[in-house]
2 protein chains.
Amino acid sequence: MCAYCAGMNSRSNGASSSIRERILETALDEFYECGFHGATMRNIANAAGCSAANVYNHFENKSELLVEILRRASDEQFTATRNALRKVGDDPAERWRAAVAAHALYTARNPRACLVANSELRYLGPLDRKRVVGSRDAQEQLFVDIAEGGVEQGLFTIERVHQGVTAVLTMCAGIPLWFRESGPLSAQEVADDFAGYALNLVGYSR
Amino acid sequence: MCAYCAGMNSRSNGASSSIRERILETALDEFYECGFHGATMRNIANAAGCSAANVYNHFENKSELLVEILRRASDEQFTATRNALRKVGDDPAERWRAAVAAHALYTARNPRACLVANSELRYLGPLDRKRVVGSRDAQEQLFVDIAEGGVEQGLFTIERVHQGVTAVLTMCAGIPLWFRESGPLSAQEVADDFAGYALNLVGYSR
């Protein structure tokens, strides 16, 4: 741990984990500003107040950092969606609405991580990509299960469920491209609107 | 013009414009593979079979190349959409379906340009960004006009038209993230499906 970091975290018992967190935060900024290829471990270290060597103590290389950022964002988003689903009953329409709203809300509130996840994923090698994509696939499956339930009960009329889910998830993934917290609508309002769009999209008949 | 390029285009009257085209093609590959910050004029030149100096004869810098690629993609997509609209009548639902299908079809058939347009736009400076965004805004306005017509005639029930259009356009922009020409559905089938999703999304009641 560099002296600066140690000083910053002198009151914390988990100083090492705090440094790790700060590195992840500055790495996300760096990936967002410069892209994966433009990002440097030195800049990430500087912004975190560490030496590059210190960053390498925590992360093997840039890919390792990007994987960790993308996996975390994906896991957090997944958790937010599952938590929202715990509060609703068995009705597929209500579950669909709740899942999409929670997913969209996370995206609107974590725009940098979600944007980096979409634009920088293609730079990861096959193995690293697999580690990130596994978590995404699980998330997608959750939406597919709900939508298939809706189709089975005759509430949704969409023909290709998997494609429809992908359309909804990419529509949500696009929120950071235009949504601003300072705009006329709150993140929650946008999330609720998107849940409505998603219900329409699958042909839900009220 | 480098000797290699001159040789490649010896039978063409528009040799200089051919080189320019080839540079734009290799630059798109380079931006896709390495991102804007990772891309180098030297790699772009090598892939085009030119010297870096030759690339600089045609484009001032990397930004100039990216702007030209993004503007062209945006203009071509816009033209494709307007051409499709010429073949349909005045019914807002038919116009909405035709516009979205054409827009989605262009995206499915030009995945690299569309993906680069979304992920690399943020690296352009304010002025260069403005040049690209102007063309996009015009495109967006076309969709807004159609959707507003649908709402006025009571065919569409969407409340925030502009946001709905953005949702539809980002849903289409996501196609390159998952669609493969070698997959079970053709680009045209995906485009038609997406037009159906977009009609549902705006609450079109048949």
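Two residues are in contact when heavy atoms of one lie within 4.5 Å of heavy atoms of the other. Keep that cut-off in mind for Tyr204(A). This residue touches Ala93(A), Leu155(A), Phe156(A) and Leu199(A), leaving aside residues up to four places away in sequence. Tyr204(A) sits in the segment after H10 of chain A. Its C-alpha atom is 9.9 Å from that of Pro92(A), although 112 residues separate the two along the chain. The model is a predicted one.

Now take chain A as a whole. Chain A has 10 helices and 0 strands. Read from the N terminus, its elements run α-α-α-α-α-α-α-α-α-α. Along the principal axes, the C-alpha atoms of chain A fill a box of roughly 60 × 35 × 30 Å.

Next, see how helices pack within chain A. Helix H6 of chain A covers residues 92-109. H6(A) packs against H9(A) at an angle of about 30°. Their axes are 9 Å apart. The crossing of this pair, H6(A) and H9(A), is right-handed. H6(A) brings Trp96(A), Val100(A), His103(A), Ala104(A) and Thr107(A) to the contact. H9(A) brings Val165(A), Val168(A), Leu169(A), Cys172(A) and Ala173(A). By class, the residues of this contact between H6(A) and H9(A) are 8 nonpolar, 2 polar and no charged.

Charged side chains make links too. Side chains of opposite charge can pair when their charged atoms come close. Over all chains, the count comes to 22 salt bridges. One of them joins the side chains of Arg20(A) and Glu68(A), at 3.7 Å from N to O. Arg20(A) lies in helix H2 of chain A and Glu68(A) in helix H5 of chain A, so this pair ties together parts that are 48 residues apart in sequence.

Turn to chain B and its own helix packing. Helix H5 of chain B spans residues 62-86, and helix H6 of chain B spans residues 92-109. Their axes come within 8 Å and cross at roughly 145°. The crossing of H5(B) and H6(B) is right-handed. From H5(B), the contact uses Ala73(B), Glu76(B), Gln77(B), Ala80(B), Thr81(B), Ala84(B) and Leu85(B). From H6(B), it uses Arg95(B), Ala98(B), Ala99(B), Ala102(B), His103(B), Tyr106(B) and Thr107(B). The contact of H5(B) with H6(B) has 8 nonpolar, 4 polar and 2 charged residues.

Finally, look where the chains meet. The contact takes 33 residues from chain A and 33 residues from chain B. Together the two chains bury about 2600 Å², with 57% of it on carbon and sulfur atoms. In chain A, the residues that lose the most area to chain B are Arg122(A), Gln163(A) and Tyr197(A). Together they account for 24% of what that side buries.

Chain A and chain B share 4 salt bridges. Among residues at pLDDT 80 or more, 18 residue pairs are in polar contact across the interface. One salt bridge joins the side chains of Arg160(A) and Asp193(B), at 2.8 Å from N to O. On the side of chain A that touches chain B, the elements giving two or more residues are helix H2 (15-38), helix H7 (111-120), helix H9 (161-173) and helix H10 (187-201). H2(A) gives the largest share, 7 residues. By class, that side of chain A divides into 16 nonpolar, 12 polar and 5 charged residues.

Methods: Residues are numbered from 1 along each chain as its sequence is written. Chains are lettered from A and ligands numbered from 1 in the order in which they are written. This is a predicted model: local features need pLDDT of at least 70, side-chain atom pairs count only at pLDDT 80 or more; totals for chains, interfaces and linings use all residues. Side-chain values use heavy atoms; hydrogens and water are left out. Buried area is the accessible area (1.4 Å probe) that two parts lose on being put together, summed over both. A polar contact is a pair of N or O atoms within 3.5 Å; within protein, one must be able to donate a hydrogen and the other to accept it, and residues adjacent in sequence count only if both atoms are side-chain atoms. Helices (H or I, at least four residues) and strands (E, at least two) are DSSP runs, numbered from the N terminus. Ala, Val, Leu, Ile, Met, Phe, Trp, Tyr, Cys and Pro count as nonpolar, Asp, Glu, Lys and Arg as charged, and the others, Gly among them, as polar. Axes are lines fitted to C-alpha atoms, for helices over the stretch in contact, and angles run from 0 to 180 degrees between N-to-C directions. A crossing is left-handed if the near helix is turned anticlockwise from the far one by less than a right angle, and right-handed if clockwise.
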